[in-house]
Amino acid sequence: MCIPLVLLLWLLSIPFFINAAIPQPKGFLLNCGGPEFIIAENGLNFIPDHGYISVGNITSVKKPDVLPLLKTLRFFPDTASRKYCYTFPVIKGRKFLIRTTYYYGDFDGKKEPPVFDQIIEGTRWTIVNTTEDYANGLSSYYEIIVTAHRKSLSVCLARNENTVSCPFISALEVIYLKKSLYSSTDFDKYGLSMVARASFGSDEDIISYPDDAFNRDWQPFMDGNVAEKSHSNISTSGFWNIPPAKAFATAITASQAQTLTVKWPPFPLPDSIYYVAFYFQESRSPGVSVYSMEWPLKGQVEIVMNPREDMDVGPLINAGEIFQILPLGGRTVTRDVKAMEKLAKSLKNLPPDWNGDPCLPKQHSWTGVTCSEEKNTRIISLNLTSFGISGTLPKDIANLTAISSLWLGGNKLSGTIPDMSSLKALKSLHLEDNKLEGSIPQSLGVVPKLQEVFLQNNNLTGSIPNNLANKKEINLQVSGNNLSYGKE
């Protein structure tokens, strides 16, 4: 697959300027499984992860000469959980760069890293397979750019059909990005999953923080073309995508009037739609330009640059990024999510996978939760019968207006039964064998589709509402309480 480019005149002038010290990126930098703060090699501060996840076990890597950030990890041995989620409080509508880092280190003694899925909110992001990197003594990292559609953002791991041991994670970064970065993408519908990012003509170390304010990694890339160094000091702080100035210190170029062909990335791409950004700085005059597009690509990509006839210098390229455009998998309706979050806060001893999106991805919904398959996903059933949960039922449960069955029997629930008159789709209510108190709310008698109400063996008192007791179409079970038949 060839990408033809015409060498453009550099129209944007950038003043000579050397960047001042760059502050640490805003967001969350987690040392997964680590008990304390650490400072990474590039000077970034990573904090322990336990404030953002409540599941999993922690351990350390026994191999020598491992970077501090890779010495600990969190792993997830619970095979019953559908997903394992980190959850972050964020600003709705803001853009984030999310990077997950993995170093297996033979932590489980099985000699080969596990293969598993990554999930962002309700979207299956990618498969984590670190086998090749680990065999070469390397860590692996994955990166995606998304927008937060709620006031929380979840990053989850999950088992798939190829998972034979425990999913794990070494480090997790959730970094705020400026609105201007990658702004041509519709982040309401898509995410950008990073495929490759390179500094052309460089054979030095990876460029990252502090040279890149957002800790993006620019890998050095050399090929058979001529490598050139620039002697201009420039600032890109006000430029689209804000590439690091250091990425313009080197380039790949061709001689005057010659075509420049670069095979990059150095591996074939699967058939998909990609966001492509190329960065150019004319070393013979101060200036920076970006060539960006969405492009269908597959196989080995060739960047072909043809000089204009009136140009007295050869074409060059300094840096590039390629992202796969990832369609988002949808979201559960916000009112349902908020109701489930309130319910989760009111209950104890819940299944450990009650984090992230309650419904999505479909195969990774919360344990006990069944959802609709329509575009606006709704919760239609909740069954936690005999799970040993305790706590109270919040009034917010009335916002689950698409639910048809609510089964919470055989637990240790206390408190009163909330108003459920808004649950127009509810057909089956099971709250038997709990420790519920107070009276049966009259609102149950106006739920139009209700067919069975099981409330036996609680501590309910008062009278049974006539608008409930007199409905022959309802199977009403109330034995084992201190109840009487009363008036409406």
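P265 is placed in the loop between β19 (260–263) and β20 (269–281), where strands (E, at least two residues) and helices (H or I, at least four) are DSSP runs numbered from the N terminus. The model is predicted, so local features need pLDDT of at least 70 and side-chain atom pairs count only at pLDDT 80 or more, while totals for chains, interfaces and linings use all residues. Residues are numbered from 1 along each chain as its sequence is written, and side-chain values use heavy atoms, with hydrogens and water left out.

**Backbone features**

A cis peptide bond is also found between Y209 and P210, with omega of about 10 degrees. P210 belongs to the loop between β15 (190–200) and β16 (219–221). Most residues other than glycine have a negative phi, and most peptide bonds are trans. Against this background, D106, which is not a glycine, has a positive phi of about 55 degrees; D106 is located in the loop between β8 and β9 (115–120). S386, likewise not a glycine, has a positive phi of about 60 degrees and lies in the loop between β27 (379–383) and β28 (390–391). S386 is exposed, with a relative accessible area of 54%; exposed means over 50%, buried under 20% and partly exposed in between, with a 1.4 Å probe and protein chains only.

**Overall architecture**

The protein chain contains three helices and 36 strands. Along the principal axes, its C-alpha atoms fill a box of roughly 95 × 50 × 40 Å. Of the 488 residues, 54% are buried. Contacts (heavy atoms within 4.5 Å) between residues at least 6 apart in sequence join residues at least 24 apart in 67% of cases. The accessible surface is about 21,800 Å², and carbon and sulfur atoms account for 51% of this area; the areas come from the Shrake-Rupley method with a 1.4 Å probe, and for residues only the protein chains shown count as cover.

The chain carries 46 positive and 47 negative side chains, the centres of the two sets lying 9 Å apart. Lys and Arg count as positive and Asp and Glu as negative, whereas His and the chain ends are not counted. The place of a charge is NZ of Lys, CZ of Arg, CG of Asp or CD of Glu.

**Aromatic contacts**

The whole structure holds 23 aromatic pairs. Rings of Phe, Tyr and Trp (its six-membered ring) pair if their centres lie within 6.5 Å; planes under 30 degrees apart are stacked, over 60 edge-to-face and the rest tilted. Two of the pairs are set out below.

| Pair | Centre distance | Plane angle | Class |
|---|---|---|---|
| Y102 and F168 | 5.7 Å | 85 degrees | edge-to-face |
| Y104 and F107 | 5.6 Å | 75 degrees | edge-to-face |

Y102 lies in strand β8 (residues 95–102) and F168 in strand β13 (residues 168–169), so their pair ties together parts 66 residues apart in sequence. Y102 is buried at 1% relative accessibility, and F168 is buried at 0%. In the second pair, Y104 counts as buried at 1% and F107 as buried at 16%.
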